[in-house]
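Have the structure open and follow along.

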Amino acid sequence: MHLHVFNPAGELYLQRRPLWKDIQPGKWDTAVGGHVDFGEEILSALLRETREELGLTDFEPEFMQKYVFESEREKELVHVFRIVTTQTPHPTDELDGGRFFSEEEIRQRLQTNFFTPNFEQEWKRLFDANS
């Protein structure tokens, strides 16, 4: 599942993938992305991953959509949620930091190898009215 974290100004929080990751190291990605454990409910997994990655615990996620993502390495069903929060994310060791980006900053960096391909596809699908 994925969680897009917005602040009240409309900026989107993105995580930087650590260089030790074997998939897309050093690229910027969706704030929270994780897998659902066997027998775990989607919402429980989302809350767990958000707490583990960003330290955020008190929020009501809004479901956006689900879709199948496929790359050369994996194929997965992704459930996408969003929140708007005044809380400050505190990235854990699972990430290489993170920060809020304006829509303009994101648009300027699309197709420059700055973001993961999955983030770019999701951005276009969910937030880019010009696509």
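Start at Phe101, which counts as buried because its relative accessibility is 1% (buried means under 20% relative accessible area, exposed over 50%, partly exposed in between, with a 1.4 Å probe and protein chains only). Before going on, note that this is a predicted model, where local features need pLDDT of at least 70 and side-chain atom pairs count only at pLDDT 80 or more, while totals for chains, interfaces and linings use all residues. Residues are numbered from 1 along each chain as its sequence is written, and side-chain values use heavy atoms, with hydrogens and water left out.

Now for the rings. A search of the whole structure turns up 11 aromatic pairs; rings of Phe, Tyr and Trp (its six-membered ring) pair if their centres lie within 6.5 Å, and planes under 30 degrees apart count as stacked, over 60 as edge-to-face and the rest as tilted. One of these pairs is Phe101 with Phe114, edge-to-face at 6.1 Å centre to centre and 70° between the planes. Phe101 sits in strand 7 (residues 98-101) and Phe114 in the loop between helix 2 (103-109) and helix 3 (117-126), so the pair ties together parts 13 residues apart in sequence. Helices (H or I, at least four residues) and strands (E, at least two) are DSSP runs, numbered from the N terminus.

Phe115, at 2%, is buried. Phe114 also has Arg109 over its face, 4.7 Å from the ring centre (for this, NZ of Lys or CZ of Arg must be within 6 Å of the ring centre and within 35 degrees of the ring normal).

Zoom out, and Phe101, Phe114 and Phe115 belong to one aromatic cluster that also includes Phe119 and Trp123.

Which residues touch the most other members of the largest nonpolar core? They are Leu12, Leu14, Ile106, Phe115, Phe119 and Trp123, out of 16 residues in that core. A nonpolar core is a set of buried Ala, Val, Leu, Ile, Met, Phe, Trp, Tyr and Cys residues joined through side-chain atoms within 4.5 Å. Helix 3 gives this core its largest share, 3 residues.
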